[in-house]
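Here are a few notes to read alongside the model, for someone opening it for the first time. Have it on screen as you go through the points.

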Amino acid sequence: MQGAHNNDTVSEVGVTEIQPSLSERAVLQRQEELINKVHAAIAEAASRVLKPASSGQERFLALRDEVSEVNADDLPAIVTQMELVRQQTAALLGNPLPDPRVPFFAHMRLKNNRGARDILLGYETFIDSGRGVRIVDWRTAPVAKVFFETRVGEEYRLELPQGANEGILEERNVITFADGVAVRINTGERSFHRGPDGNWLVEGTRLPTRLTATQKDTHARQLTLGRGQLAKTVVTALLDEQQFAAMEADQGGALLLVGAAGCGKTTVALHRLAMLHARHPRRYPLQSIVIIVPTEGLVRLTKLLLKELKLPGVKVCTFDAWVRETARRAFKPLPTAECLEPPTSVVRFKRHPAIMVAIQAYAERVGREIADRLDQVLETKHEVRDLYEQTRGHSIANRLMKTEKRFGGGRSEEDKRIARAVFKREKKPLFNHKGDRLLLLGDSELLGLAAKASQGALKAGDVHAVVEHTRAQFSESFDERYGHIDADRLITLDGRRIDEGTPEELVGTIDVEDYAILLEIQRQKSGTPKTYQSLSHLIVDEAQDLTSVELSALGCALEPRASVTVAGDSAQHIDPSACFVSWKRVLQDLRTTRTETISLTTNYRCTRQVAQFAHAILGADAPSAPPLAPRTGLPVEFSTVPNLAHAAIEVIDTLNELVEREPYANIAVVTRDPENARTLNSILCRGLESRLVLDGDFEFDAGVDVTCVSQVRGLEFDYVILPDVSSGDYPPDAASRRAFHVAATRTIHQLWVIIVGREPSMVAEARAACLREQS
């Protein structure tokens, strides 16, 4: 689109408002006309479904006539009325019409030897040949591949049952709607937004605004966003060729998606799910699909994305929530109370891959004890034990079943009958979980095997800590011990119970880590519990922070023909209690087959400046090359302050101005840990409207969120501020580097690093590396 741009003006907020050229106006006008045709076609289709005598049909016919003539300001009200009637027609049709609020999200114009035609990508297939309206379901329509895999001006070729279809892609546009009104159109060459007067303006021309900090030793800071918009582009329209190819990977096996932050791993995983369900709804029913994500914040965001993908019924949860529900359904009764803060050493031990060695040894002990009892009852010396030791199987119960068959060979029918009865009775403990926790986690010998297998990661002191913690949970309760004393005499001067904050509080509790261990014990003893939910498709996001015993629990839930999508990035492994070994180990723990691995290499979230800095911060553990970052932006900002209070003051002064100028901006102030977040927010809230988010309760809306690194995995924000970058909070170790990397890569537009006191060596090194890269 070439041509002179006239009548450029500067608005009050410092935005250069460039008018589209004549050729660009022609393209925009064609889009407007096409959108009007779509609205009119939807209205007429709905009117045909409603009874001729109904007031609904009469109103829809009137709306159909109005929609083609109304201006942009009045369209939302009409579209709202259209949507109400559309919902009525959905019940009558069985298949809903396109949503008039967002009827489609992309447009392409294809030209072949038969002429040109417009194809629109949406979520419902809808054709009105008379008006030239063709909306196809992007998940199932073969022609959708052209949009994702072909560039404007390139030739395309589709192999269809009726023969090859080929031609040229003439136009490729992404359209963003707000209440039925197109508010942004991206042609690939330029992006246009609708101005306050309803006319189209060229996007991406904001003038920078200088924000001067209050500290004398801090240079003037420049924070600028582009333009805050409430309307969001449908994510599907932004998928690239590599991401689309990943979605079409082997449907019957496992897909491993690896890539740096911002490369769209979660997006591709969810779109792959949408495509699988749309193409094979009976094989992949929504009720048999589960998505595991690391945080409650990502649970909330994923549900919003699923709603956009028309998959609102899919279960999304953290692993802790899933395993808690699964174990409590399988094992009854379990303690109702959970230990909220087990010792760090206990959690690390239970989540270490070596715990599998202890579980296997415990299961083997149970199997040998049963074999010995069978020999004793049947008076066969060591015959059963010897047969058992020679037998292999996927569980102790399976091995004993094979042992029983071999034992019965050559015996009389009466002896066989007696043996069957004895085997059946003695195998009952395999199906009873009572005592498993205490017998495994309270046994220093078994846990010592795990410590030995950990190659020094787990110490003798860790074994002792787990044993003492477990025995405290199974000891006599405070109420049982002191039940004969009046309750009011057990209250201390500060109003708390005598046992509050003491080891007595542990009595009768269970750790969330114990659920996966119990399920693994049961798997090795008798196989997968029948109460497991059988899954046709499983998505595991940020899988690098799940452990062997946890992944094994998820693998048990998979149907024989299930498909799996695993997404992750080893550079974002930030859970200190997890021990990431390799992606090969992750897939082995899930017991998947036919795995295809796809690496996503383009960072669409961060600017090139942020991507380079975040890559450099990883130091020696960084991949050999940073991800491609096609979007350039402003430099990473750095400030130095003496303490966290001074950092808060600077944040208040800067963000108050930013929020006034960018009312739609979503800003995250990300601290290293929850304690710093609480301290900082207690100061910020005195001069700034902020939200403290430490439980995943993100609103994903305009404003300032104060949170910590562990809460922001998988999320993104317009701006990110790291306010507590000190040598104490970010020492020069691999874990701190990865935590810093995760926090820095949450930003879409700009990153501001506030150094408290002395600059951490990792930050100095990364800054120096970026300068060398630029020179």
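**Notes on the structure**

1. Let's start with the cysteines: there are zero disulfides here, a disulfide being a pair of cysteine sulfur atoms within 2.5 Å. C339 is buried at a relative accessible area of 13%, whereas C579 is partly exposed at 31%. For these words, buried means under 20% relative accessible area, exposed over 50%, and partly exposed in between, with a 1.4 Å probe and protein chains only.

2. A word on what you're looking at. This is a predicted model, where local features need pLDDT of at least 70 and side-chain atom pairs count only at pLDDT 80 or more, while totals for chains, interfaces and linings use all residues. Residues are numbered from 1 along each chain as its sequence is written, and side-chain values use heavy atoms, leaving out hydrogens and water.

3. Strand β7 covers residues 155-160 and β8 covers 163-178; they run antiparallel and are joined by six bridges. L158 has N165 in β8 as its bridge partner. Strands (E, at least two residues) and helices (H or I, at least four) are DSSP runs numbered from the N terminus, and two strands pair if DSSP finds at least two bridges between them.

4. How many aromatic pairs does the structure hold? There are 14. One of them is F698 with F717, a tilted pair at 5.9 Å centre to centre and 55° between the planes. F698 sits in the loop between β24 (690-692) and β25 (703-708), and F717 in strand β26 (residues 717-725), so the pair links parts of the chain 19 residues apart. Both count as buried: F698 at 0% relative accessibility, F717 at 1%.

5. Y730 and F740 make an edge-to-face pair, 5.2 Å centre to centre with 70° between the planes. Y730 is in the loop between β26 and α24 (734-744) and F740 is in helix α24, 10 residues apart. Y730 and F740 are buried too. Rings of Phe, Tyr and Trp (its six-membered ring) pair if their centres lie within 6.5 Å; planes under 30 degrees apart are stacked, over 60 edge-to-face, the rest tilted.

6. Ring pairs also link W138, F147, F148 and F244 into a cluster.

7. Finally, charges over rings. R411 lies over the face of F407, 3.8 Å from the ring centre, and the charged end of R767 sits over the ring of F638, 3.9 Å from its centre. The cut-off: NZ of Lys or CZ of Arg within 6 Å of the ring centre and within 35 degrees of the ring normal.
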